[in-house]
Structure formats: structure tokens, C-alpha cells
Amino acid sequence: MREVHCDEIIKAVKEIAIKANYELPEDVVYAFQSALEKEESQIGKEVLRQILLNAQAAKEEQMAYCQDTGVAVIFVEIGQDVHIVGGSLIDAINEGIRQAYKEGYLRASMVYDPVFERKNTKDNTPAVIHTFIVPGDRIKIVFAPKGAGSENTSRLAMLKPADGWEGVKKFVLETVKLAGPNACPPLTVGVGIGGNFELCALLSKKALLRKTGERSHDPIARKMEEELIQDINKLGLGPMGFGGTVTAVDVRVELYPCHIASLPVAVNIQCHASRHAEIEL
């Protein structure tokens, strides 16, 4: 049994939380460079140039790429042969977020009591944490800050099995169209299909962690991704909603078996600030 101290987890979370907010992943930057070549609208091209300049400036100056530094979404894979010592995993993760958002000058956006007083917690905690037990003796932590502009345009539907692929596709396209400029395109679109009410939503968010352009290993999901990206870019929303041929830089589909009477579908939209970072302990 391998031991991992909570102090290591705090340090790791702090490190990747700051990095994710300061530096876009290389695959995302490359996707915008490719989009610039494909975009036919002159306004769309200029928007993409500004996005790339912003990404460069944020990395060089080590400051937040976007003012909305998001809900702190954490995915943790814990090896079944790991023993965490020195405190609670959840407390350690939240302490890492607390330190990162204060020392990294990142905006605190979380409010306690979501309905009435809505007082800011002032340190962007608590994080939204998803844990998974996996084989081995390592801990993998992925941090993905999620801004409200894109999150607020995400949707879930419990379709009927008879709706089939056409129903799924209609719902995805409708969701992107309704999002419009509010989600700050060009988008990355995560789609979860199957499971149940809560699992399809989680699948759609996990899909956003895949590298841009990395197609699903499932041939059915891969075909769906290829069809959806073409149809979404025919909507004409374009970069930041000014019109154009690049509304989304990627679509990723995750599938899971479901009940014979259900067809759950979730669409998690990610704005152009497709940020995440990971570390392994």
C-alpha cells in the first residue's frame, strides 16, 4: 500500500489550478490556428487572431486567460492501492483551490446558498469533485475550470428511444443554436449519451477533457462526432457569434448503455477558453 500525504495533494491542485487558468493546452491553441485557416468570414478571422493573441499574452504574462476563472471542477482517479494520509482528500483539494485562487489572483465566483443570500465564499471553494477508483498505486488529478457563460447554455434531455439518432442530433444542434454568442464560440461540444439522468451529464463533461481532434475509439461515437461537427459548423454562428464557418472546433461523444425505455442525452458546451491541466502523484 503506497501512502500519499495530503500536503502533496494540496500542492498539486494549487499548481494545476493556476496553470490551467494561465495557459491554454497546446492542442487547443493549434485548433484555433487551424480554425483561422478555415474561417471564411473576415470578422471571424479577426476574432480568432485576438483569441490567439490573448492566449499568448496570458501565458507570457502569467495571468488569467479569461476573467471568469470558473467553477473548480476536479476529476480524481485514485489507485486502489493508495492510502491517503494527513487528512481528508476533499479538504486537501479545496485547500489547493483556495491557495491557487488567492495567490494566483484568480476570480472567486462561488456563492454559498445558491437561491437567497448568494454570498461569495471569497476563495472559489467548494470545488465540484468527481472521484473514481482505478487499479494501481497512483493518483491522477485533472482540473477543469468551467465558466458560467458556457455552462449556463448546457442542457440535458430524457428523450424517447424512438427519437433515435435524429432526435439526438436535433437536440444537440438546437442546444448550440440556443447558446448562440452567449457561450463565446468557437466551442468545444461534449455530448453524453446513455446511462441515466446524472451519468449522461457527467459523460458530457468528461468528454471535454479529451484532446482536441482526438476522435472516440468507439466507431459509433466517432461517426456521430464527425457528423455533428459538420452540422454545427453549418449553423453559421461563427467566432463569438459574429457569423462564420467555424462555430465549433471540436465535438466529442461519450456513450454508455442505458435502460430499454430511456435515451438520456446531455450537451455540455465549452467556450473558446477550453482550459484544463492534470498531474499524477
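User: What covers the buried residues of helix 6 (residues 164–179)?

Analyst: This is a predicted model. The buried residues of helix 6 are G167, V168, K169, F171, V172, L173, T175, V176 and A179. Their cover includes both strands and helices: strand 8 (155–159), strand 9 (187–195), helix 8 (219–233) and strand 11 (263–270).

User: How far does helix 6 reach from its first C-alpha to its last?

Analyst: Helix 6 has 16 residues. At 1.5 Å a residue, the expected reach is 22 Å. The model comes close to that, at 23 Å.

User: Which residues touch the most other members in the largest nonpolar core?

Analyst: This core has 31 residues. Elements giving two or more residues to it are helix 1 (6–22), strand 2, strand 3 (82–85), helix 4 (89–103), strand 7 (139–146) and strand 12 (277–280). The members that touch the most others are I9, I74, I93, I97, I139, I141 and F143.

User: What is I9 in contact with, leaving aside neighbours within four places in sequence?

Analyst: I9 is one of the members that touch the most others in the largest core. Its contacts beyond four places in sequence are V4, I84, L89, A92, I93, I139, I141 and L281.

User: How many residues are in the other core that lies apart from it?

Analyst: That core includes F171, V172, V191 and A248. F171 and V172 are also among the buried residues of helix 6. The count for this other core is 26 residues.

User: How are the rings of F75 and F132 arranged, stacked or edge-to-face?

Analyst: A search of the whole structure finds one aromatic pair. The ring centres of F75 and F132 are 6.4 Å apart, and their planes meet at 10°. Planes under 30 degrees apart count as stacked. The pair is therefore stacked.

User: How far apart in sequence are the parts that this pair ties together?

Analyst: F75 lies in strand 2 (residues 71–79). F132 lies in strand 6 (residues 128–134). The parts tied together are therefore separated in sequence by 57 residues.

User: Which residue has its charged end over the ring of F132?

Analyst: F132 is partly exposed, with a relative accessible area of 25%. F75 is buried, at 5%. A charged end sits over the F132 ring, 4.5 Å from its centre, and belongs to K206.

User: Where are the cis peptide bonds from T125 to P126 and between P185 and P186?

Analyst: Most peptide bonds are trans. The T125 to P126 bond has omega near 5°, while omega is about 15° for P185 and P186. P126 is in the loop between strand 5 (119–120) and strand 6; P186 is in the loop between helix 6 and strand 9.

User: Is N124, with its positive phi, buried or exposed?

Analyst: Most residues other than glycine have a negative phi. N124 has phi near 65° and sits in the loop between strand 5 and strand 6. Its relative accessible area is 0%, under the 20% cut-off, so N124 is buried.

Technical notes:
Residues are numbered from 1 along each chain as its sequence is written. This is a predicted model: local features need pLDDT of at least 70, side-chain atom pairs count only at pLDDT 80 or more; totals for chains, interfaces and linings use all residues. Side-chain values use heavy atoms; hydrogens and water are left out. Helices (H or I, at least four residues) and strands (E, at least two) are DSSP runs, numbered from the N terminus. The expected span of a helix is 1.5 Å times one less than its number of residues. Buried means under 20% relative accessible area, exposed over 50%, partly exposed in between (1.4 Å probe, protein chains only). Contact means heavy atoms within 4.5 Å. Rings of Phe, Tyr and Trp (its six-membered ring) pair if their centres lie within 6.5 Å; planes under 30 degrees apart count as stacked, over 60 as edge-to-face and the rest as tilted. A charge sits over a ring if NZ of Lys or CZ of Arg is within 6 Å of the ring centre and within 35 degrees of the ring normal. A nonpolar core is a set of buried Ala, Val, Leu, Ile, Met, Phe, Trp, Tyr and Cys residues joined through side-chain atoms within 4.5 Å.
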